[in-house]
Amino acid sequence: MTAEGALLIAGGISWTVIVTLCAFGLGAALGVPICAMHVSRSRVLHGLAVVLIVILRSVPPIVWIFLLYFGIGSGWLSIGPVPAAIVALGVITAANMAEIYRGALKSIHPGQWDASHALGLSAWSEFKDVMVPQLFRVTLPSATTYLIGLLKDSAIASTIGVMEITYLAGYLASKQFGAALQIFAFAGALYILISLPLAAVARVADARLRAKVAQ
Amino acid sequence: MNGTFAFWAESLPALLSGMVVSLQVTAAVLVIGIPLGLVAALLVQSTVRPLRWLTLAVVEIGRGAPALILLQLAYYGLPSSGLQLSSMGSAIAALSWTTCAYTSEIIRAGLQAVPRGQSEAAMTLGLSRLDALRYVIVPQGMRVAAPALLGFAILMLQASSLCFAIALPELLSRAQLIGTTSFRYMEILLLAALLYAAICIPASLLVAAIERRLGQHAA
């Protein structure tokens, strides 16, 4: 593989990062209402959230992407490959983030709710000043693990023609068949290289947040 | 709506035979990958440094690189180094690597959950290190790891859909093929999604039940 080839594949980093971050943002946001529905007292809302989460997690991501891109895109609504990949990965992320949020909610000691009541905090202040900082700390490690997993899942966007790392590697390998091994090894190494700083930042942030509350 | 059901009935045999291929790949990958994962989990703790580093590299690459890249590496890349694998062979090789890497972490956590007293007791009883692992530590650690391993098995069935990219005639490939010839993408992909869900939903419920069961005993 030539230096030009390496540059060509590295050019895919931008789409890989864009798809990953947008899908994560979408999922992190949509996960909040799904989690709220799940812990709601209304049986209907709770049931709806459970069904939604189970369905989203039981069908492989690549099938969701195809459903959106080829299924909906073939008749109902024209959708480009990048939005299709972001929306498909985003809704799957939403289901998983909802479960991560729910696990974090469980970890908050019930005394915290009682204490904020006793202090006469408003519901908003209770949420913003008491719950969110704790939830953030508890959620951070699992959310980062998920984000790194999502980075690798974003490779399937290549199957619908998003010009990210895997797509460009496949394109180059079809031109230089003899170098396919190096090309895909290089592409794989890029994913590992991108996830290293992510993991490092998360570790540092987690340690700092922990140190803040350590007794 | 009638048209859809007739179309589904007509395409179902092709999708079901694709599903058999998906299940075969998954089964092969688990049978090969999980024992390798156990070996990797033990070797990562080895005191022989080169061995430890080599295992760590295998595990970290298997977890760090997307499965889709590993599949294409095996299918398109290996022939250039003189090793020609069929799409089934490449699928099993690549996904076994992924399985080995992920399950080694699950199993390592399981082994670490075995109380220290157990290995001390084994030593006191005069068991050799190998016997202590074989009869005392590994059986207990694997029991702890079992629910997570089952959960991973479900993920692997889903990951088998990636073999679409290397022309393995599994469930998604069959659906896609029917889609390109009939142009009824939405309907055929929905049926494929339903078939995946039909396996994965009961399987996840079963895993959750097993987890609760085992949790009761631990408590």
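**View 1. B:G126 sits in the loop between α5 and α6 of chain B.** The structure is a predicted model: local features need pLDDT of at least 70, side-chain atom pairs count only at pLDDT 80 or more, and totals for chains, interfaces and linings use all residues. Residues are numbered from 1 along each chain as its sequence is written, chains are lettered from A and ligands numbered from 1 in the order in which they are written, and side-chain values use heavy atoms, with hydrogens and water left out. Helices are DSSP runs (H or I, at least four residues), as are strands (E, at least two), numbered from the N terminus. Is B:G126 buried or exposed? B:G126 counts as exposed, because its relative accessibility is 60%. The cut-offs are under 20% relative accessible area for buried, over 50% for exposed, and in between for partly exposed (1.4 Å probe, protein chains only). Now find B:I210, 84 residues from B:G126 along the chain. The C-alpha atoms of B:G126 and B:I210 are 35 Å apart.

**View 2. B:L12 belongs to helix α1 of chain B.** This helix covers residues 2–43. B:L12 has 30% relative accessibility, so B:L12 counts as partly exposed. Look next at B:A192. Along the chain, B:L12 and B:A192 are 180 residues apart.

**View 3. B:A167 has a positive phi, although B:A167 is not a glycine.** The phi value is about 60 degrees. Where is B:A167? B:A167 lies in the loop between α6 (129–159) and α7 (171–182) of chain B. The relative accessible area of B:A167 is 56%, so this residue is exposed.

**View 4. B:F183 is another non-glycine residue with a positive phi.** Its phi is about 60 degrees. B:F183 is found in the loop between α7 and α8 of chain B. Helix α8 of chain B runs over residues 185–218. Why does B:F183 count as exposed? Because B:F183 has 64% relative accessibility.

**View 5. B:E120 and B:R116 form a salt bridge.** A salt bridge is a side-chain nitrogen of Lys or Arg within 4 Å of a carboxyl oxygen of Asp or Glu. Side chains of opposite charge can pair when their charged atoms come close. In B:E120 and B:R116, the closest N and O atoms are 3.4 Å apart. Both residues lie in helix α5 of chain B (residues 116–124). They are four residues apart, about one turn of the helix. B:R116 is exposed, with 63% relative accessible area. B:E120 is partly exposed, at 40%.

**View 6. A:D129 and A:K128 meet through their side chains in a salt bridge.** The N to O distance is 3.4 Å. A:D129 has a relative accessible area of 44%, so A:D129 is partly exposed. A:K128 is partly exposed, at 41%. How many salt bridges does the whole structure hold? A search over all chains finds eight.

**View 7. A:E99 and A:R57 are joined by a salt bridge.** Their closest N and O atoms are 3.9 Å apart. This pair links distant parts of the chain, 42 residues apart. A:E99 lies in helix α5 of chain A, and A:R57 lies in helix α3 of chain A. A:E99 is partly exposed, with 24% relative accessible area. A:R57 is partly exposed, with 37%. Which residues make up the network of salt bridges here? A:R57, A:E99 and A:R102 are linked in the network.

**View 8. Helices α3 and α5 of chain A pack with their axes 9 Å apart.** Helix α3 spans residues 43–58, and helix α5 spans residues 81–107. The angle is about 125 degrees. That makes α3(A) oblique to α5(A). Axes are lines fitted to C-alpha atoms, for helices over the stretch in contact, and angles run from 0 to 180 degrees between N-to-C directions. Under 35 degrees counts as roughly parallel, over 145 as roughly antiparallel, 65 to 115 as roughly perpendicular, and the rest as oblique.

**View 9. A nonpolar patch lies on the surface of chain A.** Which residues form the patch? They are A:L8, A:W15, A:I18, A:M163, A:Y167 and A:Y171. Together they have about 520 Å² of accessible area. The elements giving two or more residues to the patch are α2 (13–39) and α8 (165–175) of chain A. A:Y167 is placed in helix α8 of chain A. A:Y167 has 31% relative accessibility, so A:Y167 counts as partly exposed. Patches are made of residues with over 30% relative accessible area and no salt bridge: like charges are joined within 9 Å, nonpolar side chains (Val, Leu, Ile, Met, Phe, Trp, Tyr) within 5 Å. Accessible areas come from the Shrake-Rupley method with a 1.4 Å probe; for residues, only the protein chains shown count as cover.
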